[in-house]
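Student: I would like a close look at one part of this model. Please take me through it step by step.

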Amino acid sequence: MIRILHTSDWHIGRRLRERDRSWEFRKFFSWLSGVIREEKIDVLLVAGDVFDNTTPSVPAQDMYYSFLADLAESSCRHTVIISGNHDSPAFLDAPSNLLNLSDIHVIGTARDNPAEEVITLKGPDGRAELIVCAVPYLRDKDVRTISASDNPGDSERELLSGIRGHYSGVFERAREVQGDSDVPVVAMGHMFIQGGRTVRDDGVRALYVGTALQVGCDVFPEWVTYTALGHLHSPQRAGREDVRYSGSPVAMGFGEAGQQKGVYVVEVEGRSLVGVREVRVPVFQRLERACGTMQDIWDKINALGREEVSVWIDVAHTGSDSAVGLQERVNDLVRSYPLLEVLSVRDESKAEAVSKTGIGERELGEIDPLVIFSELLDSRKVDEEKRKIFMPMYQEILHGIEAGLS
Ligand SMILES: [Mn+2]
């Protein structure tokens, strides 16, 4: 029996409304180390978005390497890490030769030859015990050759078939390695699988959301014992029991306030999946929203204050009542509750131009360009036919910008 721990989307270094959250990340890693020991985990899989950005700060890197060093003294014999869309593939790859010495395998950059993304992990007796298809987040340039076509639909299709082609190359190799043996194959990926669930303000960059740029879960063959995915921040099955997103361990934004976070413990025996269990991550910093009329906001803040626990609050006035002096009045109220901290206050009932999407006065980094673009099309009354042309074109541009940035 092999015990695998599946986690993803750590986003180390993530800030919330410019607030430092390293304390939460440190708590998470010490909790995770405990779980790895208690559950006697053999293999740790990290399915991308290790860091929140491509140039992690020194404290963020420190946390990452300290955690990996800590693993060396645990039951965990192997670790496999892939890059996500937030990571710099080259940054993750840089220490990989050194990390390999401690049985930590990193695939940051997609390999030209997909077979090189197949990693065979060996047990204490030197025999293969697990085959891991470690496919990082696939960027345009990784899977697609420059197309002469001007039709945006064509380029989407090419990207999709490029992703499928890459995966099938990986699985072909894994099948070869497995041969007639009983050694299980598990897969990893960082992508949006058709039908996946997201919530607004959960920190998932929605480049692929709502378009054909979602891969069907049939990209993972039935003979693969388990697939550990990253990218979506809510823990969920991706169409099948054995294909899952572990979600982010820490709530990324107020949209996830109160949402339960977890990691999966996956038990595998030979080629079969024995079971998958979710282990819930404690909430280290509670997030809450206070919205509605002035009265609703008051009641909520008072109720939270009486609980006498530390809460970060996002205040949004959405009522039709007057919100005169909102900021000052909220500040005055919160002063009597030292454990409450208000991270932002805004009057959404006034911000008519953007209120429909609830964008309000949010930070630039939290605003989804696709939502803004779709708003623009709404305001220009662009019909459905034209939207079908404009949306993919706009996404193509966004995707190009993102590829260029990372
Ligand atoms: Mn992510």
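Student: Which residues coordinate the manganese ion, and through which atoms?

Tutor: Keep in mind that this is a predicted model. Start at the metal. The manganese ion is held by Asp 9 and Asp 49, each through OD, and by His 11 and His 233, each through NE2.

Take Asp 49 and His 233. Asp 49 sits in the loop between β2 (43-47) and α2 (58-71), while His 233 sits in the loop between β8 (226-230) and β9 (236-240), so this pair ties together parts that are 184 residues apart in sequence. Both Asp 49 and His 233 are buried.

Next, step back to the whole chain. The chain has eleven helices and 15 strands. Of its 406 residues, 54% count as buried. Among contacts with a separation of 6 or more, 71% join residues 24 or more positions apart. The chain exposes about 18,400 Å², and carbon and sulfur atoms supply 51% of that area.

Finally, look at another aspartate. Asp 140 belongs to helix α5, which covers residues 140-143. Its relative accessible area is 16%, under the 20% cut-off, so Asp 140 counts as buried. Set aside the neighbours within four places in sequence, and Asp 140 is in contact with Leu 159 and His 399.

Definitions and conventions: Residues are numbered from 1 along each chain as its sequence is written. This is a predicted model: local features need pLDDT of at least 70, side-chain atom pairs count only at pLDDT 80 or more; totals for chains, interfaces and linings use all residues. Side-chain values use heavy atoms; hydrogens and water are left out. Donors are N, O and S atoms within 2.8 Å of the metal (3.2 Å for Na, K and Ca); water is not among the atoms, so sites may look incomplete. Helices (H or I, at least four residues) and strands (E, at least two) are DSSP runs, numbered from the N terminus. Buried means under 20% relative accessible area, exposed over 50%, partly exposed in between (1.4 Å probe, protein chains only). Contact means heavy atoms within 4.5 Å. Accessible areas come from the Shrake-Rupley method with a 1.4 Å probe; for residues, only the protein chains shown count as cover.
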